[in-house]
Amino acid sequence: MKDVVLSNIHKTYKGRDIPALNDVSFETGEGELFGLIGPDGAGKTSLFRILTTLILPDSGCAKVCGKDVVNDYKEIRKIVGYMPGKFSLYQDLSVEENLNFFATVFNTSLKKNYDLIKDIYIQIEPFKKRRAGQLSGGMKQKLALCCALIHKPKVLFLDEPTTGVDAVSRKEFWGMLKALKEQGISILVSTPYMDEADLCDRIALIQNGKIMSIDTPHSITLNYPDPLYAVQSDQMGKLLHDLRNFREIKSCNAFGDYHHISFVSERKETGNELKDYLLKKDHSNIKLNAVAPGIEDCFIQLMDSE
Amino acid sequence: MSLHEVQKEKQIKSKMKQFLSFIKKEFLHVFRDSKTMLMLFGLPIAQITLFGFALTNEIKNSRIVVLDQAKDIASQEIVQKFEAGRQFTLDRTLNNPNQIEEAFRSGNLKLAILIPANFYEDLQHLHEAQIQIISDASDPNTANTLTTYASNILMDYQLELMQNAKLPMSIDTDIRMLYNPELKGATNFVPGVIALVLMLVCVLMTSVSIVREKERGTMEILLVSPFHPFLVILSKAVPYFILSLFNLGVIILMSVFLLDMPFNGPVWLLFAESGLFILTCLSVGLLISNSTKSQAAAMLISLMGMLIPTLLLAGFMFPLENMPWPLQLISNVVPAKWFYIIVKSIMVKGLGFAAIWKETLILFVMTILLLLISYKKFNIRLS
């Protein structure tokens, strides 16, 4: 059975011209860790809110565990776990009080589902008497995840759980998601970080309310149309400018220590021509290597071709 | 019991448990926020103190000086009478008329009493004697009030003298102040303060605390839960209901023991009527929270929309009878107006339910209407 089914969802907020979601359709399988990858304002939160029955789509149909988000909203609210993008627990209540409160709201108790959250809760248990507002970013996120999990939901919706969290905590967090997946919980997670895409079973790339591509991260990178090269020189800022002025360049984007480029045509000489061109432009220590495309390359390529 | 019934009972039990844990959580919010605590418990005390001691139109302990040139029995008795009342405090006695002007200039002296020489003799033989009262009329209202107090004291004394002399009474001014013979300010403002505090606490606190959940995003999580969202909001009302009743107790105790406020009617009736008024206020708070998105907006609407009409149109600061008819008409939809009448009737006049059933009914209908509207307007999703 498909846990989440979206077909032709449209949503435009009142007073806005541009749709927040434009004809979005996809499905996620049972026990799947599905990632929604896109920059801020792409429509990720709107999509989560429709699936968690918080807002209504203008048209289209969405189902969670076979239940319609409009008509069966009560049923859905019983079986999903939701962690909004903003930290949304009671800052003036302690860790323990937050957990117990949400457990009661979902008709369960901390004891009953302790196994499920044990691995995560152990890390914040030393601080259980501390107010939630005084926890660090990573701790807050762990507590929020515990609260979203306390009733053993069938589907877990995590809206940008790793935004604003340090690199170590992010890595830990994805480790926890893997463990949860193994317990049979389907997870729909959104993130603006492209490097996290590889950790999902399948991903959907979303931009301006439209889904650009849905596949496993590996297949998406395989579908990158051109050979990709990484270029480096002593003057990276000037290099970007000069590369863009080179006639054979199809795309050129800054990627940390390197600029990723692809060429209009695939000729053997092009590489050497580029090097000559760059030497003339006073660049030194020029490096040009072929690289495998990552999700970010694919995202930019898809965005440009739209 | 059938299986179905067992299940149903289990369900109700878990619903109750949810509701109770909500209420517990609400109490924790209140007790952990120093600003809320200050608002809840500081406000009524501050208001009672302010209205009771600072903003009262009753004049107490005005400083006076006496220039007693007679120094006989009558003059001494008069001075004693002035000293005995709580309106006046004798600052000092003067010896020379020239000192009077200087005394007025030097300090906050309100009144000077001049008793000429041979006062008692004149009174005995000529049946006529004179006393001069000089007051500082830079504040005409105060001067007016004080001279009235003073002439009352003198008149009392005159009556006493005449009784002793067994002469026919020539002066007989009978002024009686109904319900408030001493013209105490408290009888007027305590019912008003009760209305004001309950209004502020219930409307402001509930609307702000509900909107806070929206603003902080916790409403989002609560909506995506099996708990009925309207119960979320009702559970907010319970702690404020209880705290308001407690507040009411504090106000009443303070006004009875500190301000000598009379309490003539049944206590239970006052609490029952206050309970009704609290419900009215809570439903106003619910309505405001339904239609606003930020705490600031909720606060502004509560203050502008409720506090000011309550102050101006409930009748305890400015008499409604003197207002132009459009304002009188508007005052009818201000719940505090009706509650003010109820409290006054119970506390001051000592009347029972029979006298206030009409006002009670009006408040009751208002509450039901407000609750209905806020339930209708309530959004089960994010608006």
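## A walk through the two chains

Let's start in chain B, where helix α10 (residues 267–291) packs against helix α11 (residues 295–313) at an angle of about 135°, the two axes lying 10 Å apart. Keep in mind as we go that this is a predicted model. The crossing of α10(B) past α11(B) is right-handed. If you want to pick out the contact itself, look for B:Val284, B:Ile288 and B:Ser289 on α10(B), and for B:Ala298, B:Ile301, B:Ser302 and B:Met306 on α11(B). Sorted by class, the residues of this contact are five nonpolar and two polar, with no charged ones.

Now hop over to chain A for another helix pair. Helix α4 (residues 114–124) of chain A and helix α5 (residues 137–149) of chain A have axes 9 Å apart and an angle of about 150° between them. This one is over 145, so α4(A) counts as roughly antiparallel to α5(A). The crossing here is left-handed. On the α4(A) side, the residues involved are A:Leu116, A:Ile117, A:Ile120, A:Tyr121, A:Gln123 and A:Ile124. They meet A:Met139, A:Lys142, A:Leu143, A:Leu145, A:Cys146 and A:Leu149 from α5(A). The contact of α4(A) with α5(A) holds ten nonpolar residues, plus one polar and one charged.

Staying in chain A, let's turn to a sheet. It's an open one with four strands in the order β2-β1-β4-β5, paired antiparallel. Strands β2 (21–29) and β5 (67–68) of chain A sit at the edges with a single partner strand each, so each has one side without a neighbour in the sheet. Further in, β1 (residues 2–11) and β4 (residues 59–64) of chain A run antiparallel and are joined by five bridges.

Zoom out a bit, and chain A splits by its domain assignment into domain 1 (2–221) and domain 2 (225–305). Taken over C-alpha atoms, the centres of these two domains of chain A are 37 Å apart. How many residues of each are in contact? Eleven from domain 1 of chain A and nine from domain 2 of chain A. On the domain 1 side, the elements giving two or more residues are β9 (202–207), β10 (210–215) and α7 (217–222) of chain A. The largest share comes from α7(A), with three residues. By class, that domain 1 side has seven nonpolar residues, three polar and one charged.

Last stop: where the two chains meet. Chain A puts 23 residues into the contact and chain B puts in 21. Which elements of chain A give two or more residues to the side that touches chain B? They are α2 (73–79), β6 (80–83) and α3 (95–105) of chain A. Of the elements, α3(A) gives the most, with four residues. As for class, the side of chain A that touches chain B has twelve nonpolar, five polar and six charged residues.

Note on methods:
Residues numbered from 1 in each chain as written. Chains lettered and ligands numbered in written order. Predicted model: local features only at pLDDT ≥ 70, side-chain atom pairs only at ≥ 80, totals over all residues. Domains from an automatic or database assignment. Contact = placed C-beta atoms within 7 Å. Nonpolar A, V, L, I, M, F, W, Y, C, P; charged D, E, K, R; others polar. Axes fitted to C-alpha atoms, helices over the stretch in contact; angles between N-to-C directions. Parallel < 35°, antiparallel > 145°, perpendicular 65-115°, else oblique. Left-handed = near helix turned anticlockwise from the far one by under 90°. Pairing = 2+ DSSP bridges.
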